[in-house]
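Hi everyone, thanks for coming. Today I'd like to walk you through one model, starting with the whole chain and then visiting a few residues. Please have a look at it on the screen.

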Amino acid sequence: MSDNIFDIIIIGNGPAGLSAAISVRARGKAVAVLSNPRAESGLYKARVIDNYPGFPGVSGAKLSGELTAHAQGAGAKLIAGRALSAISAGGKFGVSYGSEFITAKALIIATGAEQVSLFDGESELLGRGVSYCATCDGMLYRGKNVVAICLSPDAREEADYLKSIGCNVTELMTESVKIVGDKQVTAVNADGVDYPCDGVFIFRNTIAYSSLLPALETTEDGSIRVDSGMRTNIDGVFAAGDCAGRPHQIAKAVGEGQIAALNAAKYIDGR
């Protein structure tokens, strides 16, 4: 199997994602786990965890390390990268990260609880001046004015790349943003100041569900809508863990990851 083609892609390396990866491998499927670096996760940063059965007082870093080692030992491929978009075409799913692209027959979303508040105008102008990927779209703005909203650890590197290919870049580090434009981005208003531009690159740690996979249905509280088998409204897409609703507990996430994995494997086998 190609290095970029898998049976299942899992987005997220928390308890749900890694539990899913272990179960996917137990079913003999090739799996990639795509996520930000482990040290950036909420689990890793937890000093003490007392509510995961059998591991009283364990640190988040230790538990995260044990789960990661288990998944890697089982044969899961762990890929460091921020998922930018997911598409469904021809019975397969493609996920982009940076300038790379991987494909699979099924997708499991295990990104944790969404903590992304979209800027005014962001979703309306996505693809019409709003971008999340400098490598993917930067050349479209060579010689033009762009604004980089820098809210992630690698944001400065992304902004520097835009400069290196000839974009005129204004870097902003604020979440008080409104994106202005009718059919195309014309400016960014940040902290009450207008910055005329042809495009805006938004660099966050995570992508909102609605931006990652626009057709994905969510509940009133913003969680991804799933059934008892962790299936979403999109055939072949599953969700598990905090992104699939409360309670936000590690034990729940681990169990849902396994359920999602088993049903994803069954989905592939039944096609």
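The chain has 7 helices and 14 strands. Please keep in mind that this is a predicted model, and that the values I give you are computed from it.

How does the radius of gyration fit a compact globule? For 271 residues, such a globule would come out near 18 Å, and the chain has 19 Å, so the two agree. If you draw a box around the C-alpha atoms along the principal axes, its sides are roughly 55 × 45 × 35 Å.

Of the 271 residues, 49% count as buried. The chain exposes about 12,700 Å², and carbon and sulfur atoms supply 48% of that area. As for charge, there are 25 positive and 29 negative side chains, and the centres of the two sets lie 6 Å apart. And if we take the contacts with a separation of 6 or more, residues 24 or more positions apart account for 59% of them.

Is Ser 223 buried or exposed? Its relative accessibility is 9%, and because buried means under 20%, Ser 223 counts as buried. Its side chain makes a polar contact with the side chain of Asp 221, at 3.0 Å. Setting aside residues up to four places away in sequence, Ser 223 touches Glu 217, Thr 218, Cys 243, Ala 244 and Gly 245.

Our next stop is Met 230, which is in the loop between α6 and β14 as well. Met 230 is buried, with a relative accessible area of 4%. Its phi is near 65°, a positive value in a residue other than glycine. Most residues other than glycine have a negative phi. Asp 191 also has a positive phi, near 55°, and you'll find Asp 191 in the loop between β11 (185-190) and β12 (193-196).

Thr 232 is buried at 11% relative accessible area. Which backbone atoms lie by the polar atoms of its side chain? The backbone nitrogen of Ile 234 is 3.1 Å from a polar atom of the Thr 232 side chain, and the backbone oxygen of Val 237 is 2.9 Å from one. Beyond four places in sequence, the contacts of Thr 232 include Leu 216, Ile 224, Arg 225 and Phe 238.

Let's move on to the loop between β14 and α7. Asp 242 has its place there, with α7 spanning 250-270. Asp 242 is partly exposed, with a relative accessible area of 25%. Leaving aside neighbours within four places, Asp 242 is in contact with Gly 112, Ala 113, Pro 247, His 248 and Gln 249. For a sense of distance, the C-alpha atoms of Asp 242 and Ala 30 are 24 Å apart, and these residues are 212 apart along the chain.

One of those contacts deserves a second look. Pro 247 lies in the loop between β14 and α7 too, and a cis peptide bond joins Arg 246 to Pro 247, with omega at about 0°. Most peptide bonds are trans.

Methods:
Residues numbered from 1 in each chain as written. Predicted model: local features only at pLDDT ≥ 70, side-chain atom pairs only at ≥ 80, totals over all residues. Heavy atoms only, no water. Buried < 20%, exposed > 50% of the residue type's maximum accessible area, 1.4 Å probe, protein only. Polar contact = N/O pair within 3.5 Å; in protein donor to acceptor, adjacent residues only side chain to side chain. Contact = heavy atoms within 4.5 Å. Helix = DSSP H or I, 4+ residues; strand = E, 2+ residues; numbered from the N terminus. Rg over C-alpha atoms; globule rule 2.2 N^0.38 Å. Areas by Shrake-Rupley, 256 points an atom, 1.4 Å probe, with all protein chains shown as cover. Lys, Arg positive; Asp, Glu negative; His and termini not counted. Charge placed at Lys NZ, Arg CZ, Asp CG, Glu CD.
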